[in-house]
Structure formats: C-alpha cells, structure tokens
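Biologist: Before we discuss this model, please show me the sequence and the structure. I would then like to ask about a few of its parts.

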Amino acid sequence: LPAWQDSQLFIKDLHFDGVPMRIYLPREPSASKRRGVVFMHGGCGIFGSIRSYERICRYIARKSDSVVVSVGYHLAPEHRYPSQTLECLSATVHFLKTADTYGVDPARIIVCGDSVGGTFATSVCQELGHRTDIPKIRAQVLIYPFLQALNFNLPSHQKNAAVAFLPRERAVHFILKYLNKDCSLKEPILAGSHVPESINLKYRKWINPDLIPDEFKLGYKPPLPTLFLPQVHEEVQELFEPRVSPLLAEDAVVCGLPDTCIVTCEHDVLRDDGLLYKKRLEDNNVHVTWHHVEKGFH
C-alpha cells in the first residue's frame, strides 16, 4: 500500500542515516510525549518491504497511540549480509537520538519485528545493551522470531516440517539465499552436519530439546547422529554468529537485554526458537511476557 492519506495518522517517507523509513504519527495532539516503535519487517531478509507492512504499522500506531517508524532495510542477496542488521541498527540509533523531534519520549521506545524482523530486533537489542551514549531501548517485541541455525530437528521442526507458509526445507533454503550461499548445502544443514561436536557441546545448555516443555514435545523423536562435514561447516560460518543466531549470544550480553514480549505459534517451525529464548532470558533475570497462539501459523 502507498503512504496515502489517513484520517488518524500523518504518514511520511524519510531516511535515517541513509536507510529508507516510513513514519506514522498520530494526528491527535498529545498532552505528553508519545511512545515510539521501531518496526522491522519479516521476509527472510529477501522479501517484504515498508509497503507490504503498511496495514500492520498503521494498526500499531492507531491502537497504541504511538509513533511508529518502519525500517525499509535493503534486501539480500543484492545487498549482502549483514547490511540488513546494520541498517536496522543504524535506524534505531538515529531514532533514539532524535526522538524528541517526533514528539517521542526517548525512554519509551521499543523495537518490534516478525520472523527475521524479530532476528534483527533481537540483534539490535544485543548490540545496544551496554551502550551508555544513547537512551536505553525500553522493550523488544519478537513475533515468531528466527533465533538459531544450529538445530533444525527440534520438536517444532519435526511437527511442522510440511506446514505452510514456512516448511522446514524452505526455511533453510531462504537462510542460504539470505547469506548468498549455495542452496545445495540445504540437506547437510537440515541433518545437522554443519555443526562440529565441540559446538554442539558448548551450546547444548541453550539449544536442546530437553529445555522444551513436555506439552510441546508430543510425538517428538530424537534424530539419529549425523556425520560432521568440515567442508560444509567452513562454508556457513555466518550461521554461528549472534547476528544470525542470537541464541548463541553470551550470558553477559543476554543479561543486559530489555523487557521482552515473545509471540509463538503452534503450527510454526520457529516455535521452539521462541521457547528456548524465553527460557534463556528468564534464566538471566530478564522480564518476559509470552503469548502463544495455539491455532496460529507462521
């Protein structure tokens, strides 16, 4: 949808540090400074746009009486990873610094994203957590976020392997497209052959089906051991970076994160990413609000 006239909102396209943005400002005067929302859209880093998320951003602005800025980060593979995360980071920092200009209280700004937008929102919060030169992000809202690329055989991956919109194979295919990698690597990654035993052991405390509540493991069958393939591991080093797999961030980073709202859906391969991150945040004394949509899908 174009940024056409809205009776309740003033809508304008602009740029924050060279990043395309669209801002939604409530027309009704406010007695005090409003809350701010930085919205990062989904689409695996290769689809989606400001225009395709026009309705949801208007809805958030109207229903919460907030100023919403939608980030139009440039898409992969034409714009190579990690430019998407860096543009979301740059846009967020710019908004935190200039919030007063838009009638926003800089102490009441949240970041929000769905799917890979949730990945970007998480990454932004992790990278800004210990910054003292800018206002702190008040909270993060993560809507069925993608948070790890080590294990694609968690209970939710098995249960929803063939569920639209995002079957398991397509999820890995899109990750490889996003990182500009050869998509023939999909099968060994699905099997877990890209992860050496040392890394599996290191991160088992955070990425492990044993950490998933029992009610989400009905019918789950632990996968058979797979052969580690060093050549595949070397090709996909980015999968082990916190910008792609925020669940791998160290506790020193996680404990500095803001209040968090996580939304998971039952019929979604990424459901368990959200459940595992919820536990990690709670283990690090971060306040978490969790909403699970039993009939929801990605």
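**Strand pairing and a buried threonine**

Modeller: In strand 5, Ile-109 is the bridge partner of Gly-36. This is a predicted model, in which local features need pLDDT of at least 70 and side-chain atom pairs count only at pLDDT 80 or more, while totals for chains, interfaces and linings use all residues. Residues are numbered from 1 along each chain as its sequence is written, and side-chain values use heavy atoms, with hydrogens and water left out.

Biologist: Which residue in strand 4 does Gly-36 stand opposite?

Modeller: Strand 3 (residues 34–40) and strand 4 (residues 66–71) pair in the parallel sense over 6 bridges, where pairing requires that DSSP finds at least two bridges between two strands. Strands here are DSSP runs of E with at least two residues, and helices are runs of H or I with at least four, numbered from the N terminus. Within strand 4, the residue opposite Gly-36 is Val-67.

Biologist: Is Thr-260 buried or exposed, and what is its relative accessible area?

Modeller: Thr-260 lies in strand 7 (residues 259–267), and a polar atom of the Thr-260 side chain lies 2.9 Å from the backbone oxygen of Pro-258. Not counting residues up to four places away in sequence, Thr-260 touches residues including Gln-140, Leu-142 and Val-288, contact being heavy atoms within 4.5 Å. On the scale where buried means under 20% relative accessible area, exposed over 50% and partly exposed in between (1.4 Å probe, protein chains only), Thr-260 is buried, at 2%.

Technical notes:
A polar contact is a pair of N or O atoms within 3.5 Å; within protein, one must be able to donate a hydrogen and the other to accept it, and residues adjacent in sequence count only if both atoms are side-chain atoms.
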